[in-house]
Structures are given as C-alpha cells and as structure tokens.
Amino acid sequence: MTAIPLGVPRRLVEFTVDGQAARVPEGATILDACRAAGKDVPTLCQGDTLTPKNACRVCVVEVEGARALVPACSRRAEAGMEVRTDTERARHSRKLVLELLASSVDLSTTPKAAEWIKEYDAKPDRFGPDAARLGEEPKVDNDLYVRDYDKCILCYKCVDACGDQWQNSFAISVTGRGFDARIAVEHDAPLTDSACVYCGNCIEVCPTGALSFKSEFDMRAAGTWDEAAQTETTTVCAYCGVGCNLTLHVQDNEIVKVTSPHDNPVTHGNLCIKGRFGYQHVQNRD
C-alpha cells in the first residue's frame, strides 16, 4: 500500500472579527475568515480561482491601527488583528462604490447587486442622467458568446482567466486609459479574428454578465430566461479522457448553458470549447 504524503500542516492564525475570536490557516485572507465566521462581506472582483486584483473595492473592511480601509479579498489575516466589517466608515465606502458603479454600468444581471444597493441605501441616480456610461451595443459576432461592455466593471477577471493565470491565450486585455479604459481583443477586431479559442473561461469568472452565453443573451432578450426554473446537474464530459466536470443548466428540458465546479481538482472551473459549448448534440431530436 502506497503512503500518501500529507504535507506540512499550516499554522492557525488567531484574531478577531467584529469582536468574535477567529482562527484561520496561515496565509488565508480576511475575506476567508469573514466567510468562515458567517459574515456577509460583498465582493465583485474577487474570484475563488484567481489572484485578487483589488479592483472593485466593495469588500473593504476596517482594521485596527490601519490608516485606510483594506480590501478583505487580498489582505492576509495576521495574528492579533482586529477586523471590523460593518462600521459606518466601511458601509459609507461600499455605498459610494456601489453608487459610482451602478451610475456608470448596467448591474441588472449582477448577482446580489440590487440587494447590496438596497442594504447600503445607495442612490446611483443622484449623479444624474449625464453620468459617464459607455453606451455601446452588445457585440454579437459569433454563435457562442456575447460581449456586453455596458455591464463591464473592469474587474480584470476575464483578462486573468484568458492570460497567465489559466488559459494562456492572451486574446483579451485592457486598452485605453482613465475613462477610456475598456476590455478588448487585439486591434479591437471581431472576436472571430482574434486569438480567442472559445474556451469560455472568461464567461465563467465574469461577475456581472458582461460576458454571457449566446443562448442566455437571446433568452433574456426574449424574456424567457428564468433561473428559478432551471435545474443543475453535474456530470463528466464525454469528449476525451481528462475527466472534466460539467454542470448542465437545464430549462424546459433544454440545456441553456454549461459551467464547471470551481472546487473540482481536474478543471477548477475551466473547460475547453467542446466541454463549454459542445452540448447541442445531446438535445438533437431529429
């Protein structure tokens, strides 16, 4: 019988979150500790399969002795640290960030955004109708997925997933500066003329719906998209022998999109074009 190496156990770091004692493995973030303690700290740009970019600043918390609010998604927990997640200062900062985002970006398909806006009493309309918006029509230049940059918050998760953190295709990046910054492929060409391999891993990590399945986009436009009526079934991709896990989202007995479990040791949420988009044969009834 072969022995399985267990590795060196990580030490536990002890500190407090909102006055409650907390213990997390060394190297864990404040956000990890908050979630373990049942604290609901909002976040948009954080992804469980990507290195934090600290872009959205919705997850900021107050740390005793720190001059500025700190992003919980990337700040490591330290022994003796005193963290407060629901102070007036932290709530005011989140409120302002949500107001700025919602006034310039369409958050209608961002999970929990409406709840957070209500919870923090954010009023995006106070900036008036002249608030800067991209005002760009969705890019529908292929049959697999749609890019709607009116919903993009520049969290860089798609860039990281396409780049050196996962796919290494480097098909998309950030172009422009300041208010002109946006996500684009090289030379702002159609997606079909880019280095994109249509793995859809950018869709998997997008937190706002700026990137979505063409099937989902069409159903939303037709008013037939209904997540409450959908079932999810996780299975194994049959295209090759790697063993990638697929989660099939089914509505009205039709597969409407495919995701992958982030905790799966084979895929970590990532798929290839066949696993992500090659499901039409399953429901071909001809």
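Helix 2 gives the second largest pocket the largest share of its lining, 5 residues. Helices (H or I, at least four residues) and strands (E, at least two) are DSSP runs, numbered from the N terminus. A pocket is an open set of points on a 1 Å grid over the protein atoms alone, where a 1.4 Å probe fits, with protein on both sides within 12 Å along at least five of seven lines; lining residues have an atom within 4 Å of a point.

This is a predicted model: local features need pLDDT of at least 70, side-chain atom pairs count only at 80 or more, and totals for chains, interfaces and linings use all residues. Residues are numbered from 1 along each chain as its sequence is written, and side-chain values use heavy atoms, without hydrogens and water.

What is the volume of the second largest pocket? About 690 Å³, with volume being the space filled by probe spheres set on the points, which are joined across faces, edges and corners. It has 24 lining residues, and Ser-104, Val-105, Cys-152, Leu-154 and Phe-179 are the closest to its centre. The lining divides into 17 nonpolar, 3 polar and 4 charged. Nonpolar means Ala, Val, Leu, Ile, Met, Phe, Trp, Tyr, Cys and Pro; charged means Asp, Glu, Lys and Arg; the others, Gly among them, are polar.

Now the largest pocket. It holds about 1000 Å³ of space. Its lining counts 41 residues, with Pro-111, Glu-204, Val-205, Cys-206 and Pro-207 nearest the centre. That lining has 15 nonpolar, 13 polar and 13 charged residues.
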